[in-house]
Each structure stands twice: as C-alpha cells, then as structure tokens.
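Colleague: I am new to this one. Could you walk me through how to read it, one feature at a time?

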Amino acid sequence: MIERIAAGQVVERPVSIVKELVENSLDAGAQNISIRLEDGGKTKIVVTDDGCGIQESDLEKVIEQHTTSKIQQLADLQKITSFGFRGEALWSITKVAKVILQSRRKESTSGRACIVKNGLVLENVPVGMQTGTIITITELFETYPARKKFLKSNQVEFQYVLEIVNQLSLAHATVGFQLFNNDKLILDYLPNETLQTRITTVFGKAAKNLFLPLSAEGGDYKIRGFIGSPQAATTIALQQILIVNKRPVSFLPITKTIKHAFGTLLPKNIHPPFVIEIETDPELFDINIHPRKEKIAFSEQQLLVDILHHAVTTTLKNANLSFSFYGDVEHYELHDSGMDDIAALFLKSNTKEWNVKNYFEDEPILQVKKLYLIAQTKDGLLLVDQHAAHERILYDQFSETYEQVHGEVVVLPKPVEIELSVYESEVVKNTMDFFEQLGFVIKNTKPTTFIIQKVPIILQNRNLQKYFVEIIADIVAETKIPELDDQTHRTIAYVACRSAIKAGEVLTQPERKNLIEKLLTTKGRYTCPHGRPAYIVLNMTDLAQLFHRIPASQKEK
Ligand code: ADP
Ligand code: MG
C-alpha cells in the first residue's frame, strides 16, 4: 500500500512519465532527445537519448527505490543541480507499467536490455545499440483500473506532454528535441540553439520581433531572458515560462510581479508572455517541497521580486513598444465596472484636463470614419485610434493628480468598523506599518474587529471591508508592490474614458495634430489604459513587405 501510494504520487498520467524520463536524459548530458508517443502516451511512450548511458551492472539497480547516481552524501541535498535526486522515478514507473530499459555506455561494446513488469525483472539480455538510453513504457496503469479511467482523451493527454516538452526545451535550448505522436513528427527542435532562436522556434516567427531581452543581477540572483511586448500578450498564460537553475517551475509571485510591472500597458486578464531564467545558488531555493518537484520556495523572495520588477519596468521603459503589423493583435473587451463615483468626481475636479482643441496647423492628417487618424511620419505612417489616444493622455494626467493627493489623509466623519477572518486579522496586525505608511489610522478593538479612523483621501468613499480583503490577498501572495490598487486604477481609467473625445467625433486639422503630438510625448502612449493599442506604426519596410516589394525574410527589425 505504501509503495502504491508513493508510486502514484510520481506517476499521475503519461506526461508525468515523459517528464521524468526526459529529465533523466538531460541529467545524463544528452544532446538529442526523442520522444515517441502512441495515443498521447496512453498506449506507449519511448524516450531515446544519446546521453552517458547506464552501466550494465547498474541496470537492475536503477529500478529499485531510492537508487540514484546523483547524490553521494547527505550534504549534496543542499545543493541539487540535477533534475533527479530521489531515485524514485524509474522505480515508480515500473510499479505502474511495463518497462523496457535499454542502455549502453560509450566504453561498452554492446548495450543491455532489461524488461521489467510490476517491479519484477523478467529478462536481462545483451542488445545491439548506440551509446545512450532507450526507455519504452507500455501497459500503463493496466493493474490500476481506477487511475486508467481517470485519464483524459488522447488529445488532452498529448497536449499535456506538448506543454512540458516545450517548457523543458526552452530551459535547455542547446539540446535537440523531437516529439512524435502516432508516428507524426510534431516538434523538431535542433540542438545548439540560443534561447532567442529557441523562443522563435517554440512560439512562432512573430515572437522574434515581439520579445524584448532582459537581464539583471542582485544578491545571489542572476536573471536573464525575454519578455513579450504588449502586442504579444494573450488571454492564455501558456507562454509564461519560468526557469530556475535550468528547471522549469511555476511560481505565482513571480508571474504576478511581471504582470504588475506592465501596469496599464495590459488589460486586466491579458497575460504577458515571458521566458525568464533565474540562476541562483542551489542552497537559496528549495525544490524539495513537492514529490514531482513542480513547486519551489525561495529564500530572500522579496529581494528577487524587487529585482525582477525593476528589470521588467526598465526593459519596458527603454523599449519601443509601438504596435506594428506582424502577429495578430488580440481583441479586448472594455470594462468600466467597479469604479468609484466620488473618487472619480474628486479626480476630475482636481485635474486640469488637457484639451484636444486650439492648436496650430501643419501637414494634413487624415481622419477616417471619424475614428482613426492617419499621419505621415519620417519613415512611413502612423495609424491612431483617436479615442484610445486621448484616453491614454488623460489617464496619465489623472494618475498624476492621484499621485499628488495620494499622501493626503482625511478623518472619516464616522469611523468605519470592519470585521475580518482570524487569518486576515493576523495579516493586518503583522503589516500595520504598511497601512500606516499609506495614511491609515486603524485601531484593533477586538481580536478580529478593526476601527478605521483615517484613510487616504482617495479611499474615503470606498467599501473599506472589500478594500482590505483585496489588499490582504495581495499581501499574502507576496506581491505587495506599492502602486495603484485595482479599483483606483479602474476609477482613473473610467474618468479618462468618460472625459476623452469619442469615436465618431469630427476633429479639425489642428486638433488632429495636437492629439498625435501629445500622445507621442505621453509616458504610457502605446496603449489605452485598458491595454488596447493606441497607435500602430507602419514604416516603409512594413509597407514594402505588405506590397510584396521585398521578401519577408529580408525584413529585419
Ligand atoms: P533520479 O533521477 O532521482 O536519480 P530515477 O529513478 O529517475 O532517479 O533514475 C535512477 C537512476 O537511473 C539515475 O540516478 C541514473 O543513474 C539512472 N538513469 C536513469 N535514466 C537514465 C538515462 N536516460 N541515462 C543515464 N542514466 C539514467
Ligand atoms: Mg530521475
């Protein structure tokens, strides 16, 4: 029973086997790894590598529990650099499937094959093969009907494998990968690629122009990689790859930090793609907290979050994020919900709104369908969405007002009592400094009751109970980066949207020119506050390409 449970923890479905086998191949120093599946791995999985191979005399040992060649002594556990170290994967797999293990080391004249079923060695014979290892899995979960029933369709199981192989191939750009399903070659990544070329191979050609390089260092952390420009962002979070010491992992605080750093360049539920590699002392993070090693923990997490936030912000600030004509632009919905009327009024009355009207004249700018502006630039043309553009300009102005009044605090005419859960109360008590810095004056009257006497001016009419619950969630997720909370952001975006000229308004020549000029000197000019593009650049090369004056391959950005 204990064995079954342990084996079941490692092998949940075909993808778990593929992951373990490919990781073993990588640990063995393979340059080329091929994965052949039948029915998404449900019927058969074969992983072949050209790594170091397994010694003949070890072939029957590696399938025993706790046998590994990757740690020599207890202290090694503190600084794991290989994928494996538990010595449990092969053992677990032989408990739930039939396994044929074939391997040959460089110095041997032939290989050896070992057939194992239900943990028992059925055969161990010499076999002719090249240096490396071939592992074949069949009869998966044959003796575990419950697990087998739990598997999804071939297509879904295959998708899981595809995802993992892509992640591993991004973490190991120098290794070649081939993935087949039912004899069809699905992925074919050549060895010795750079991270940048691998990203293009994995994410498609458009990625080449849409991923910005990033690098930073601090403490014991070295960060490098690529983040997608807003144009590359999508509604699905599949292209968010985090790699720590060559190991793909998921770690929510980092994903959130990157999204935060994009600010209003992206709509709320749109995710920036990225491939971020973090290198650190293996002693500074713990991969040992999950049986399949999917979760990790960092010491000095806040430092890491700060460095990364800064790196992404700097990269975005220095890059040209203009939307251009490659790749598809996602379509976003515009939401105005959740805004705060009183705060909106307050902001409006305190901001001198910038006006499109009353400016000088120059080169004619075309207005199309009272919606878009077309202006000639030195190197081509500019397409502007008049409403999005004005909205962005106003948003940045309203934000400035907000920044100015941010520190101002008001005494609530009637103190507000809020009631939190025991857990939430503990969080508030432990982070009282943070709230005091923001201008709150809070009294903790009963264990879970708080009386709020003073608040930042902009929050005076807010549902404070809700505000606290949201902020606490952020604190717990450790993404407490001092910036606008969600609702403040939505409120400012709302005022900007309502104050902006509309699609459908006729603009005079000077007004058109004035709008474009102001937009181009605005900080967040690339998108409207909801993350839709504010303008699109078509330079002479883009135009030449659209009209087939030059072949696509010559287009260099
Ligand atoms: P772990 O990877 O944690 O050591 P595994 O059960 O995955 O445990 O593998 C057990 C051992 O088998 C490894 O330590 C390694 O010595 C050997 N091994 C497994 N797969 C390969 C491979 N593809 N090439 C060379 N050696 C391998
Ligand atoms: Mg392993």
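Predicted model: local features only at pLDDT ≥ 70, side-chain atom pairs only at ≥ 80, totals over all residues.

Modeller: Start with one pair of residues. R36 has V46 in β2 as its bridge partner.

Colleague: How many helices and strands are in the chain?

Modeller: The chain has 17 helices and 22 strands. Its C-alpha trace spans about 90 × 75 × 45 Å along the principal axes. Of its 557 residues, 50% count as buried. Buried means under 20% relative accessible area, exposed means over 50%, and partly exposed is in between (1.4 Å probe, protein chains only).

Colleague: What is the strand order in the open sheet of 8 strands?

Modeller: The order is β5-β4-β3-β6-β2-β1-β7-β8, and the pairing is mixed. The edge strands β5 (120–127) and β8 (184–189) each pair on one side only. Neighbouring strands of this sheet are turned by 10° against each other on average, direction ignored. Such angles run from 0 to 180 degrees between N-to-C directions, with axes fitted to C-alpha atoms.

Colleague: And which strands make up the open sheet of 3 strands?

Modeller: That sheet has the order β19-β21-β20, with antiparallel pairing. β19 (409–419) and β20 (441–446) each have a single partner strand, so one side of each lacks a neighbour in the sheet.

Colleague: How many bridges join β19 to β21, and how many join β20 to strand β21?

Modeller: β19 and β21 are joined by 7 bridges. V409 stands opposite P456 in β21. β20 and β21 (residues 449–456) are joined by 5 bridges. Across that pairing, I442 has I452 as its bridge partner, and N444 stands opposite F450. β20 and β21 form a hairpin, with 2 residues between them.

Colleague: Why is β21 largely enclosed?

Modeller: Count its buried residues. They are 6 of the 8 in β21, so the rest of the structure largely encloses it.

Colleague: Which residues of helix α6 are buried?

Modeller: First, the general idea. An α-helix has 3.6 residues a turn, so residues three or four places apart point the same way. In α6 (residues 195–203), the buried residues are L195, R198, I199, T200, V202 and F203. Just after α6, G204 takes a positive phi of about 100°.

Colleague: Which residue takes a positive phi although it is not a glycine?

Modeller: Most residues other than glycine have a negative phi. N118 has a positive phi of about 50°. N118 lies in the loop between β4 (111–117) and β5. N118 is partly exposed, at 44% relative accessible area. K370 also has a positive phi of about 50° and is not a glycine. K370 sits in the loop between β16 (366–368) and β17 (372–377). K370 is partly exposed too, at 42%.

Colleague: How many residues surround ligand 1?

Modeller: A residue counts if one of its heavy atoms lies within 4 Å of the ligand. For ligand 1 there are 19, and the closest are N24, T68, S69, K70 and G87. By class, the shell has 6 nonpolar, 9 polar and 4 charged residues. Helices α2 (14–27) and α3 (89–96) each supply at least two residues of the shell.

Colleague: Where does a polar side-chain atom of N24 lie?

Modeller: It lies 2.8 Å from an oxygen atom of ligand 1. A side-chain N or O atom of T68 is 2.5 Å from a ligand oxygen atom. For T133, such an atom is 3.3 Å from a nitrogen atom of ligand 1. The protein covers 94% of the 530 Å² of accessible area that ligand 1 has on its own.

Key: Residues numbered from 1 in each chain as written. Chains lettered and ligands numbered in written order. Heavy atoms only, no water. Polar contact = N/O pair within 3.5 Å; in protein donor to acceptor, adjacent residues only side chain to side chain. Areas by Shrake-Rupley, 256 points an atom, 1.4 Å probe, with all protein chains shown as cover. Helix = DSSP H or I, 4+ residues; strand = E, 2+ residues; numbered from the N terminus. Nonpolar A, V, L, I, M, F, W, Y, C, P; charged D, E, K, R; others polar. Pairing = 2+ DSSP bridges.
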